[in-house]
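Hello,

Here is the structure I said I would pass on. My notes on its helix packing follow below.

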Amino acid sequence: MRKITIVLSCICLLLNSCGNKPKVDENSREALKNKITEMEDSISALQKKSSEPIPNLTSIELINRLTAFYSAFPKDDYAADCLSKLHMKFSELNAHEKALGYGDTLLLNFPNYKNRDFILESMASTYDVLIEPRDTSKIRYYYSLLLKEKNLPKEKRDGIVNRLKYIDLDFFSYIEMKEKVVSR
């Protein structure tokens, strides 16, 4: 009788352990990254199929996934990429204040970010062209940070230095002034 009880107990344990598959943590680093990649792949496929703009709900879903990763793993290197993508996605949606907020968060939390120069240029040009009223101190601040970047090409560096000389002109007036100088 005792042997039968032990055998039945072992069979029950075996059946019970076979039926319980390990649960995948949907909020793990890899799961969140995979969700982002899946969404980016879906967006990419949509863009290839049609020249129509991506539906806002699709963009919002990507934003939610990027935000979820950053919130869960704020110090992770991939979080920096999420912040960069959030900056770009909000810029694309013309939510410039939000884009600037994510850009600032990225620059503050990841001062050695691999695409720092791109983010700095985006921030400066957003303040220069898209934010009303213009805040020349912010434009100067981001362009000055960009000038401190070591790998900035000379032509771009010269363009920024020249832009800073005429910071009192809005971007379109500046372009117009440059065209007049070139046409002389």
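Axes here are lines fitted to C-alpha atoms, for helices over the stretch in contact, and angles run from 0 to 180 degrees between N-to-C directions. Please keep in mind that the model is predicted. Helix 4 takes part in both of the contacts described here, one with helix 2 and one with helix 6.

Helix 2 with helix 4

Helix 2 covers residues 29–49, and it packs against helix 4 at an angle of about 30°, the axes being 12 Å apart. Angles under 35 degrees count as roughly parallel, so helix 2 and helix 4 are roughly parallel to each other. Their crossing is left-handed. On the helix 2 side, the contact is made by Arg29, Lys33, Ile36 and Glu40, and on the helix 4 side by Tyr78, Cys82 and Lys85. Sorted by class, this contact of helix 2 with helix 4 has four charged residues, three nonpolar and no polar.

Helix 4 with helix 6

Helix 4 spans residues 77–92 and helix 6 spans residues 116–130; the two pack at an angle of about 30°, with 12 Å between their axes. That angle makes helix 4 roughly parallel to helix 6. The crossing of helix 4 and helix 6 is left-handed. Which residues of helix 4 meet helix 6? They are Ser84, His87 and Met88, and their partners in helix 6 are Phe118, Ile119, Ser122 and Met123. The residues in this contact of helix 4 with helix 6 comprise four nonpolar, three polar and no charged.

Regards

Methods. Residues numbered from 1 in each chain as written. Predicted model: local features only at pLDDT ≥ 70, side-chain atom pairs only at ≥ 80, totals over all residues. Heavy atoms only, no water. Helix = DSSP H or I, 4+ residues; strand = E, 2+ residues; numbered from the N terminus. Parallel < 35°, antiparallel > 145°, perpendicular 65-115°, else oblique. Left-handed = near helix turned anticlockwise from the far one by under 90°. Contact = heavy atoms within 4.5 Å. Nonpolar A, V, L, I, M, F, W, Y, C, P; charged D, E, K, R; others polar.
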